[in-house]
Amino acid sequence: MSPTTPDTEFSKDLQIPDEEERRVLLGALASFYQYSKVAHFNTTHLRRQSFYALPGAHWELLAKPPFSYLETLDKVDMAIDENAELAGAILQSGLHSFGLSLPTPSAASVMNDWRATASSNDLEKARSTLRQFFRDWSEEGRAEREACYGPVIKVLRTESSLYPRKMRVLVPGAGLGRLVFDLCCAGFDSEGNEISYHQLLASSYILNHCSESRMHTLYPWVHSFSNHKNRESHLRSVQIPDVCPGSTLGAVENPGEMSMSASDFLLLYGSEDQKDAFDAVATVFFLDTAPNVIRYIEAIKNCLRKGGLFINVGPLLWHFENNAPGSRRKEKDSTSQASTMGIADPGSVELTDDEVVALVETLGFVIESRDSGISAPYIQDIDSMLQNTYKASHWVARKK
């Protein structure tokens with residue numbers, strides 16, 4: 001998407017080819033529509049029921065200061081309402097991009113009202129997508145971005161001095177689009193790829209429709225009541241986005257071009273049309289989403305020109321590890337392709353970091369640098385009593 005007409009270009013990439021794709025899209029839209037109702041029910045309604053089920057003397061004690069538990073639930077409800085404004089903005093921009101609208105009262109029915117089509121998985125993805133704005137589009141998430149995106153940008157800046165033109169960079173698993181945006185601001189022509197409609201809808205809103213910085217208030221930690229030192233940290237908010245993408249990119253001298261593809265990474269970038277198309281591929285928290293990482297590496301090799309860079313930062317939390325052998329289900333966010341193609345190709349394997357690096361070398365790359373043990377928190381509340389931090393691997397390989 002060009003900086004001048006991002007919405008038009010993004011919408012072109014997000015056409016709905018068939019009914020299965022439409023079903024997946026509507027499920028994602030419905031999950032943002034239902035966010036408020038479901039969050040209120042699961043987070044505060046059920047807790048009120050459990051609270052009043054306590055012995056009378058106990059809940060009466062906890063209802064008074066300094067505990068004021070019922071007031072806390074009221075504050076959580078208000079925080080959910082703030083989050084719902086962001087969910088609603090994502091929904092409206094998504095409807096606009098696809099030429100859809102909310103069903104009218106006369107047209108809505110149990111059979112045709114898509115607002116009720118979100119699965120439990122869709123609803124969880126909507127909630128986690130909202131939380132991801134903390135990492136990618138808040139000032140407070142800057143440290144997480146610097147840990148993971150910083151090494152990529154540093155390598156590319158060094159490499160770009162060898163080019164008489166702008167480098168073209170692919171970012172698979174682009175999520176909410178922040179790395180793609182930051183690369184464009186740094187002067188690289190960047191293309192993001194994402195398969196999840198939840199992520200695509202959210203990134204489209206923030207990149208194409210969000211007209212000001214700090215437009216939304218997000219309460220990233222409000223859905224869970226565990227491991228909080230105090231209510232202040234539980235109810236802490238952040239402002240989204242930390243920068244306005246449109247005005248920020250417009251103020252950059254000689255920015256890169258930005259685009260986003262909505263497709264199965266393997267099917268698109270493993271094709272002949274994409275052969276030797278990019279100068280660099282940056283995989284950040286991406287390789288471990290592969291059932292078969294060989295397929296990912298082959299696709300990356302295909303779309304990289306000779307001498308191009310394969311830059312990786314991330315852990316190895318293999319996403320399909322707990323699927324029973326031979327029964328891995330088709331990824332629900334994927335495009336409707338045959339079940340033996342792309343990300344839905346049967347079979348899976350989990351390798352160590354050393355084995356992944358060896359595999360990259362075996363498949364036609366030279367490892368130029370490697371570092372491990374990089375502290376890389378992921379949507380981490382720094383005040384939480386539970387701290388989980390990845391020790392990420394960072395390496396750079398060059399295609400032979």
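Student: What should I know before I start?

Tutor: Residues are numbered from 1 along each chain as its sequence is written, and side-chain values use heavy atoms, with hydrogens and water left out. The model is predicted: local features need pLDDT of at least 70, side-chain atom pairs count only at pLDDT 80 or more, and totals for chains, interfaces and linings use all residues.

Student: How many disulfides are there in the whole structure?

Tutor: A disulfide is a covalent bond between the sulfur atoms of two cysteines. Here the cut-off is a pair of cysteine sulfur atoms within 2.5 Å. A search of the whole structure turns up zero. For cysteine 184, the nearest cysteine sulfur belongs to cysteine 185, 7.0 Å away.

Student: Is cysteine 184 buried or exposed?

Tutor: Buried means under 20% relative accessible area, exposed over 50%, and partly exposed in between (1.4 Å probe, protein chains only). Cysteine 184 has 0% relative accessibility, so it counts as buried. Cysteine 185, at 22%, counts as partly exposed.

Student: Where is arginine 231?

Tutor: Helices are DSSP runs (H or I, at least four residues), numbered from the N terminus. Arginine 231 sits in helix 10, residues 231-234. With 31% relative accessibility, arginine 231 is partly exposed.

Student: Which residues does arginine 231 contact, leaving aside neighbours within four places in sequence?

Tutor: Contact means heavy atoms within 4.5 Å. On that basis, arginine 231 touches Tyr69, Thr72 and Phe225. Also, arginine 231 and phenylalanine 67 are 164 residues apart in sequence, yet 9.8 Å apart in space, C-alpha to C-alpha.

Key. Helices (H or I, at least four residues) and strands (E, at least two) are DSSP runs, numbered from the N terminus.
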